[in-house]
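Here's a quick tour of the pockets and cores in this model. Have a look at the structure first, then read on.

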Amino acid sequence: GPCGGNSVERKIYIPLNKTAPCVRLLNATHQVGCQSSISGDTGVIHVVEKEEDLRWVLTDGPHPPYMVLLDGSLFNRRVLLQLKGTSRVSGLAVAVAKPSPPQGFSPGLKCPNDGFGVYSKDYGPQYAHCNSTVWNPVGSGLSYEDFDFPIFLLEDANETEVIKQCYQDHNVPRDGSSGPEYPLCAMQLFSHMHAVTSTVTCMRRSSIQSTFSLNPEVVCDPLLDYNVWSTLQPINSSGKVDPEKEVIMVATRIDSHSFFWNIAPGAESAVSSFVTHLAAAEALHKASDVQLLRRNVMFTFFQGETFDYIGSSRMVYDMENDKFPLRLSNIHSFIELNQVALRNNSVLWMHTDPVSRKNDSIQAQVENLLKILSNSSTGANVTLQEVGYSQPLPPSSFQRFLRAKHIPGVVLTDHRASFHNRYYQSMYDTPENILMEYPEGLSPEETLEYVTDTAKSLAEVATVVARALYQLAGGANNTSAIQADPKTVSRMLYGFLIKMNNSWFQSIIKPDIKVILGKCDVPQHYVAVSSPVNTTYLVQYVLANLTGTVVNLTKEECLNPEKTPNSEKEMYEYAWVQGPLDPNSTSRVPYCVRSTVHLSKALSPAFELRQWGSTEYSTWTESRWKDIRARIFLVASKELEMITLAVGIVILIFSLLATYFINAKADVLFSLPRDPGAVSY
């Protein structure tokens, strides 16, 4: 039965359970990523720990094709293009480099989101395609190559050791012989992708299937999720803001990416900035006169920005088409927090757009913005400096807004020119990259509460931003009381980078989504195709916790605010959250939070408009697949396999002949002896 089959399989194969595949992504013109054949790819394992080991795989080894177990320090463009150019390689398993490669590693592009920002042949052509500043000089572009064999990341060092031991026992040549003896240790990787060619092709196929088939076979899905946004003063989320009302927009991205699917720690590229943004929102909300300020402030967290600005381009599209409470004309000014954790001498750089500043009115507003930001850093351990007038904006969501309208704005970063982040869009953009360090021996609860130096420095940045926003919004009081809390920043960094399933996150989310905390310890910030992803949920509930108020409503009233008098349902969102553990029991003390936090779609307008070949909007899709897994086993020689097959065929033929003759002579062989006493009539 099936139980016997499973036990035989367990005796033959060792499954690798902690792996992450490279999958296929597609845009309007290309397919990138990796895939296996439909039945998986198999090869004899060869461990490559230095470049000389490649010779065995590429020319000398007698048993191709090979599955290469590659040391993480060799996972670079030069090595991968060598392996891509030969039929002697059937796949690749990559071990994580510990410590991170000192020379840096970024599989992203040297010019991220090129062609989808504001600079083009019609707008600042001298700045287009990173002509004046190469933002990500260590970018190898590996994530944007197409590989016709599977590539998996080995996340568990113990599994890597099991593979190396199997290789040592079976695949290393013995006593100077030309090659190892059978049986050999082999690996099989399954990651067959359904989509091919481009988004145009796969979306057309999916569309035809959906139209004519009762059980449509969809082959790819658009990358999509939700943007998170809230306002300082409540607005009617289903109506329209008064055209005269001015709003200051603060923005950050909340997604990241790496070469491998759903491995996107994004410590410096995303988390440092959105955590600072959240802390600034909390600090500003605590100011006593925020409801009286002349201008409103909108806190915006964009999803999918890594993939040609999915979230920001969608919000701009919605504002232009009256599908959002705000219009572009309501935006007074724009402040974006980009990468801010790796500052030299506590300097934060203010980037502006040199093209729009040629307009006198915009120039005056930008100068005012820069002055207020600089003044806000007085007394803080942060120095704000303006980048040279002739330098363009770094890759940023603000560029999508500038494409639609000249808006005065500033992008804050820790780099003057190219990124300080040597691990941009890679698996090494981890807490260690932003110098997060904890003393040894702390319990999880103590680690959550421990205030790191990184948290203190990001809280300083949040303080400066909150004070500047207060002044921009028309605040006249002294801003010294506006102070971001390093303890809050510490908790957020711990939750978003180290362990999601912690007591603080448990207490601030709804009971029906608590399952998201248990899935994996280390959060990943990839936008994905099923939404909302964990990051979106957590940013939503952290923002509600930091900026909302606890209201005295029962569970029923909180879940159905439209039935509650004076709830102002169109102005606020209500959430019934789990609350902290009761100190005297194991049960929780839930409560109702009222906030101005909302979600809005982060799906590229290209898919709304069915313009799958668009050059204006992001067209990224992710292929579907049925099975992703990896396993190792011992493989016999071809000769032994042929002998086994031949013996099997002989036995089959013999059994068929025996069955035929027995069947033909059945009446003789199986006839019943006649009863001698029987009388025939």
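## Pockets and cores

The largest pocket has a volume of about 1400 Å³. This is a predicted model, so to speak of local features takes pLDDT of at least 70 and side-chain atom pairs count only at pLDDT 80 or more, while totals for chains, interfaces and linings use all residues. Residues are numbered from 1 along each chain as its sequence is written, and side-chain values use heavy atoms, with hydrogens and water left out.

A pocket here is an open set of points on a 1 Å grid over the protein atoms alone, where a 1.4 Å probe fits, with protein on both sides within 12 Å along at least five of seven lines; lining residues have an atom within 4 Å of a point. Volume is the space filled by probe spheres set on the points, which are joined across faces, edges and corners.

| Largest | about 1400 Å³ | 49 residues | E155, N262, I263, V522, Q524 |

(Ala, Val, Leu, Ile, Met, Phe, Trp, Tyr, Cys and Pro count as nonpolar, Asp, Glu, Lys and Arg as charged, and the others, Gly among them, as polar.) Helix α15 gives the most to the lining of the largest pocket, with 4 residues. Helices (H or I, at least four residues) and strands (E, at least two) are DSSP runs, numbered from the N terminus.

Where does the largest pocket sit? Domain 1 (7-192 + 628-639) and domain 2 (224-548 + 596-603) both give residues to its lining, so the largest pocket lies between them. Domain bounds come from an automatic or database domain assignment.

On to the packing. The largest nonpolar core has 83 residues, and F274, L278, L412, L493 and F496 have the most contacts inside it. Such a core is a set of buried Ala, Val, Leu, Ile, Met, Phe, Trp, Tyr and Cys residues joined through side-chain atoms within 4.5 Å, where buried means under 20% relative accessible area with a 1.4 Å probe, protein chains only. Helix α11 (residues 453-472) supplies the largest share of this core, 12 residues. Domain 2 (224-548 + 596-603) and domain 3 (549-595) both contribute, so the core lies between them.

How values were computed
Buried < 20%, exposed > 50% of the residue type's maximum accessible area, 1.4 Å probe, protein only.
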